[in-house]
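Subject: Handover of a structure and notes on its contents

Dear colleague,

Please find below the structure that I am handing over to you. My notes on what was found in it follow directly after.

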Amino acid sequence: MTISLPAAPLPQNINPWVATAMIAAVVLTSTTGEVLTAAAMKSIGDLDVIRSRSGLKGAVRAVLTCPLFSAGVFFLALAFFSLLFALNHLNLSFVGPASASLTLVTNAIAGKIFLKENVDRRRWAAALLVCVGVYLLAH
Amino acid sequence: MSHHSLTPRQYLILALVAVSAPLGDSCLKRGMAALPPITLAHPGALIAAVFTPWIAFGIALLIGFFASYLTALSWADLTFVLPATAFGYVIIALLSRFWLSETVSLERWAGIVLITLGVGFVARGPSLTQQPAADPEETREPEVETR
């Protein structure tokens, strides 16, 4: 199987360091947002149980009144706008797969450090396989 | 870490996360492609676009995605949910191959195989890290009832 790289992944007038910084901004803000959101949901508890006890309104209120959730959404919004900014300067075929696949790996690292999740060999293998797979599929 | 198995309902929510995001994106793409180019000089066209059927359906799917994603994060680890729901990419690629009869290149088939392997790896493991200090199933949600 031969896997060919794109002929010109970057527009000619873009410095590779600037492109790297743009991708890094998307990946870092997205990872921060995902980790904060995950921490918020863990602190709130099982939403299915909350909904069965307090109804849909109770579940929505529990989520919206959690400060960690607001912080997470703020960073996810930042990630969205940094993605739009990157798309304004770089090709979608480069930005999309690169940011989607890198975020899987940075989330595994951040999940282990900040959320104290048990990222064992099985989860590392899954993150890396899906990372390469998403890159190949989205490319 | 004990094995934290999922209920059929929780598998259904993971499937919703996996499918609704790529389907929602596809609906937005289809809706936007059907519209004439929108410029900043006419921002009202962007508001009007929200009410066209494909884009409205895409937005509804993405709201559904976010709700089911948050629900999944409330009972499973982030490092379990993200790889597990990446299977949605595979579903969309297979749909485009067998439903829309698009050609899927060798690179993409390789991607499908790798994602499927990765999802298989993570799905065979526990979905939630049990913290030694507190059992997550027993210590949450009572404060919500008082609000």
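The model is a predicted one, and in it α2(A) has a kink of about 125 degrees, centred on A:Ser54. Five residues of α2(A) are buried: A:Leu47 and A:Ile50, together with A:Ala59, A:Ala62 and A:Val63.

Helix α1 (residues 16-44) of chain A contains 29 residues and reaches 42 Å from its first C-alpha to its last, close to the 42 Å expected at 1.5 Å a residue. After α1(A) comes A:Gly45, with a positive phi near 105 degrees.

Chain A as a whole

The secondary structure of chain A consists of five helices and zero strands, and the pattern along the sequence reads α-α-α-α-α. The C-alpha trace of chain A spans about 55 × 35 × 25 Å along its principal axes. Chain A has 139 residues, of which 42% count as buried. When contacts in chain A between residues at least 6 apart in sequence are considered, 75% of them join residues at least 24 apart.

One loop residue of chain A deserves a separate remark. A:Lys116 is not a glycine, yet its phi is positive, at about 55 degrees. This residue is located in the loop between α4 (92-114) and α5 (121-138) of chain A. A:Lys116 has 11 other C-beta atoms within 10 Å, and therefore counts as exposed, the cut-off for that class being 12 or fewer.

Chain B as a whole

Chain B comes to seven helices and zero strands, in the order α-α-α-α-α-α-α along the sequence. Of its 147 residues, 36% count as buried. Among contacts in chain B with a separation of 6 or more, residues 24 or more positions apart account for 79%.

Where the two chains meet

One helix pair across the two chains can be described in detail. α1(A) and α3(B) pack with their axes 7 Å apart, at an angle of about 65 degrees, and the crossing of α1(A) past α3(B) is right-handed. From α1(A), the residues that meet α3(B) are A:Thr37, A:Ala38, A:Met41 and A:Ile44; their partners in α3(B) are B:Leu70, B:Leu73 and B:Ser74. This contact is made up of five nonpolar and two polar residues, with no charged ones. In an α-helix, residues three or four places apart point the same way, because there are 3.6 residues a turn.

Yours sincerely

Conventions. Residues numbered from 1 in each chain as written. Chains lettered and ligands numbered in written order. Predicted model: local features only at pLDDT ≥ 70, side-chain atom pairs only at ≥ 80, totals over all residues. Axes fitted to C-alpha atoms, helices over the stretch in contact; angles between N-to-C directions. Helix = DSSP H or I, 4+ residues; strand = E, 2+ residues; numbered from the N terminus. Left-handed = near helix turned anticlockwise from the far one by under 90°. Contact = placed C-beta atoms within 7 Å. Nonpolar A, V, L, I, M, F, W, Y, C, P; charged D, E, K, R; others polar. Bend = angle between axes of the 7 residues up to and from the residue. Buried ≥ 20, exposed ≤ 12 C-beta atoms within 10 Å, placed from the backbone. Expected span 1.5 Å × (residues − 1).
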